[in-house]
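Here is a short briefing on a single protein chain. Look over the sequence and the model, then read the points below.

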Amino acid sequence: MEAGAGDAARRFLRQEDELVRRRLYGLMAGRAQEAREVVDALRPLRRNATGFLGRPKPEAVNALRIACRWGVEGHVPPGADAIGYRYAFRGSAPGAPLFAPSAADRERLTRVSHGRLTREDFDRALTGALHRAQWLAELYSGLTVEQPVLDVPEALDPPRHGRLRDGIVGRALREEIAEQLAAGHALRRTAADGQPTAPAIVPAIRAWAGATTAVLDHGLTNPRIGQGLRQLTDGLRYCRRQAVPHPVAVAGAHLTLGLEYLEKVDKQMPDHIEASGQGPQPAPVTVHGNVGAINSEVVNSQFAVAGAVRDIAVTIDALDRDGRRETASALRELTAAVQQDRSFAEDQRARLLDHVADVAEAADDPGRPRALTRARLAMAALTTAAAGSTQLAQALTTWHDTLNRFS
């Protein structure tokens, strides 16, 4: 991770938080104007509402009924259906039930809604409806939004003390962390590029955060290590909200914070491994040369996890034997497209074949949630790469229905 990336991500989140607050204040101003319009519509009824024998006119009763119903129903904090936040009004406790109508307001609506009204009933209900509309106009104009609205995590270091869980091999866990780092950086590049496929990257980033936290929780005994990553990426939930102006960029910022944290965890892994009695261990192996991909013409490439790529051909043969020939054909063409497109640099081709291996693993054993999560991340990366590769785009289009289960 480049120096200062985490600080830049936090600055962006603070700026986005301010934009969200402005949107909420805009919604409040609109609600306040609506309440003032109700007040303006009710005031003339004091003078022009009665007809023959002093009874309220039907059109006046109908207008009052609409105003009473408006005053009682549907009033919640502005934008609460789009994003959660805390608010206060003139020193009230944040989140106090300021919008709830009184029992008297509800009783007035009931009386206005049923039967004919005497002039006295009408005047009493009109007074109550006016007071309610005036209160809501004042309330909407005076609400204060508590900051922050979005999650803006502070800098966080992982706990220094931790051990491997029983049955976990330190080297294998480091390889899993390396995979998550590579996948996360690929997603971050896509989010930063602003490509047409970028909106689809948001659920892939959420999947990455869940899968990475699961890796840490499954591999290490100290629960605070996984909790730290969860804390830094919890704000991804806001990317689903319409009130957030730039959901892809918000997701990218939380991903940056998560990657920065995961890199710190990776640097501490030798200590965790040694504390577990497995001794000092080297970083995950990088294999150079032809690693046995299907009819591979890729030489002098680097694969972080060479075994996964080697297994693509074995998996396809197994799918053929099981009668799942359509899935086998899709994986075969996907692999060929990555291998044969000379527009890919060798290191990029290696990463893409690694992604194909993840999809193949999920196809072979679709009942494993973690394999499916990795496959979704892999499909997002392959889809992004297809924007610059006609052959890969054609393979994804041809086998869209078959591969769609992993996206």
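A residue counts as buried when its relative accessible area is under 20%, as exposed when over 50%, and as partly exposed in between. By that rule, 48% of the 407 residues of the protein chain are buried. Keep in mind that this is a predicted model.

**Overall build**

- The protein chain has 15 helices and four strands.
- Its accessible surface is about 19800 Å². Carbon and sulfur atoms hold 51% of that area.
- Take the contacts in the protein chain with a separation of 6 or more: 75% of them join residues 24 or more positions apart.

**Cysteines**

- How many disulfides does the structure hold? The count is zero.
- Cys 68 is buried because its relative accessibility is 7%, under the 20% cut-off.
- Cys 239 is buried too, at 9% relative accessibility.

**The cavity**

- Rolling a probe the size of a water molecule over the atoms shows where empty space is left.
- One cavity of 30 Å³ or more turns up in this model.
- The largest cavity has a volume of about 70 Å³.
- Which elements give two or more residues to its lining? They are helix H3 (58-72), helix H4 (103-113) and helix H5 (119-142).
- H3 gives the most to this lining, with five residues.
- The lining includes Ala 67, Cys 68, Trp 70, Gly 71 and Val 72. Val 38, Asp 105 and Arg 108 are also among the lining residues.
- By class, the lining of the largest cavity has seven nonpolar, two polar and three charged residues.

**A cis peptide bond**

- Most peptide bonds are trans.
- The bond from Gln 147 to Pro 148 is cis, with omega near -10 degrees.
- Where is Pro 148 found? Pro 148 is in the loop between strand E2 (143-145) and helix H6 (170-193).

**Thr 212, in helix H7**

- Thr 212 belongs to helix H7, which covers residues 201-219.
- Is Thr 212 buried or exposed? Thr 212 is buried, because its relative accessibility is 1% and the cut-off is 20%.
- Neighbours within four places in sequence left aside, Thr 212 is in contact with Gln 180, Leu 229 and Leu 262.

**Arg 230, in helix H8**

- Arg 230 is in helix H8, residues 223-233.
- Its relative accessible area is 37%, so Arg 230 is partly exposed.
- Which residues does Arg 230 contact, leaving aside its neighbours within four places in sequence? They are Thr 213 and Asp 217.
- Arg 230 and Ala 209 are 21 residues apart along the chain, and their C-alpha atoms are separated by 7.4 Å.

**Asp 7, in helix H1**

- Asp 7 is in helix H1, which covers residues 5-42.
- Asp 7 is partly exposed because its relative accessibility is 44%, between the 20% and 50% cut-offs.
- Asp 7 and Ala 155 are 148 residues apart in sequence. In space, the two are 8.1 Å apart, C-alpha to C-alpha.

Note on methods. Residues numbered from 1 in each chain as written. Predicted model: local features only at pLDDT ≥ 70, side-chain atom pairs only at ≥ 80, totals over all residues. Heavy atoms only, no water. Disulfide = S-S within 2.5 Å. Buried < 20%, exposed > 50% of the residue type's maximum accessible area, 1.4 Å probe, protein only. Contact = heavy atoms within 4.5 Å. Areas by Shrake-Rupley, 256 points an atom, 1.4 Å probe, with all protein chains shown as cover. 1 Å grid on protein atoms, 1.4 Å probe; cavity = no way out; pocket = protein on both sides within 12 Å on 5 of 7 lines; lining within 4 Å. Points joined across faces, edges and corners; volume = space filled by probe spheres on them. Nonpolar A, V, L, I, M, F, W, Y, C, P; charged D, E, K, R; others polar.
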